[in-house]
Amino acid sequence: MKLFNDILKEKSIYSQKRVYALVVLIFTLALGTFIVISDKILDKEVNRYAVEIFDSLLIFLGLLIGVSVVDKKLTNKVEL
């Protein structure tokens, strides 16, 4: 539980960016698992738009985490 609080909380309150990142990560992992299962195990062709959404979510997650890291460094005034 301490790890969960350390990741999501900033100054003892929940950080909105970190909560968004966790929700998007869980959703992206679920979508990726569904794409792999439906393609390999169920032998159904995956809609190409599902793969594009998966890629877009990964890009969004990377940018969200990057913005969070830069914000943390600027707040703490640490050189990049």
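What share of the contacts in the chain between residues at least 6 apart in sequence join residues at least 24 apart? I started my notebook with this one, and the figure came out at 44%. A reminder to myself before going on: this is a predicted model.

**Entry 1: the whole chain**

I went through the secondary structure next and found 3 helices and 2 strands. Reading from the N terminus, I wrote the order down as α-β-β-α-α. Then I looked up the radius of gyration, which is 16 Å, while the globule rule gives 12 Å for 80 residues; the chain is therefore more spread out than a compact globule. I also checked the extent of the C-alpha trace, and along the principal axes it spans about 50 × 30 × 15 Å. As for burial, 19% of the 80 residues count as buried.

**Entry 2: the pair α2 and α3**

How do the helices α2 and α3 lie relative to each other, parallel or antiparallel? I took helix α2 as residues 16-41 and helix α3 as residues 48-76, and found that their axes come within 9 Å. The crossing angle is roughly 155°. Angles over 145 degrees count as roughly antiparallel, so I put α2 and α3 down as roughly antiparallel to each other. I noted the hand of the crossing too: it is left-handed. Sorting the residues of the contact of α2 with α3, I got 18 nonpolar, 3 polar and 4 charged.

**Entry 3: Thr 28**

I picked a residue in helix α2 to look at, Thr 28. Is Thr 28 buried or exposed? Its relative accessible area is 3%, and the cut-off for buried is under 20%, so Thr 28 is buried. I then asked which residues Thr 28 touches, leaving out those up to four places away in sequence. My list reads Phe 54, Leu 57 and Leu 58. These three numbers fall within the range of helix α3, residues 48-76.

**Entry 4: Val 36 and Ile 41**

I stayed on helix α2 and moved along to Val 36. With a relative accessible area of 51%, Val 36 is exposed, since exposed means over 50%. I looked up its distance to Tyr 49, which is 13 residues apart from Val 36 along the chain, and the C-alpha atoms are separated by 14 Å.

Ile 41 has its place in helix α2 as well, and I had already noted residues 16-41 for that helix. For Ile 41 the relative accessible area is 62%, so this residue is exposed. How far apart in space are Ile 41 and Val 23, C-alpha to C-alpha? I read off 26 Å, for a separation of 18 residues in sequence.

How values were computed. Residues are numbered from 1 along each chain as its sequence is written. This is a predicted model: local features need pLDDT of at least 70, side-chain atom pairs count only at pLDDT 80 or more; totals for chains, interfaces and linings use all residues. Side-chain values use heavy atoms; hydrogens and water are left out. Axes are lines fitted to C-alpha atoms, for helices over the stretch in contact, and angles run from 0 to 180 degrees between N-to-C directions. Helices (H or I, at least four residues) and strands (E, at least two) are DSSP runs, numbered from the N terminus. Angles under 35 degrees count as roughly parallel, over 145 as roughly antiparallel, 65 to 115 as roughly perpendicular and the rest as oblique. A crossing is left-handed if the near helix is turned anticlockwise from the far one by less than a right angle, and right-handed if clockwise. Ala, Val, Leu, Ile, Met, Phe, Trp, Tyr, Cys and Pro count as nonpolar, Asp, Glu, Lys and Arg as charged, and the others, Gly among them, as polar. Buried means under 20% relative accessible area, exposed over 50%, partly exposed in between (1.4 Å probe, protein chains only). Contact means heavy atoms within 4.5 Å. The radius of gyration is taken over C-alpha atoms; the globule rule is 2.2 Å times the number of residues to the power 0.38.
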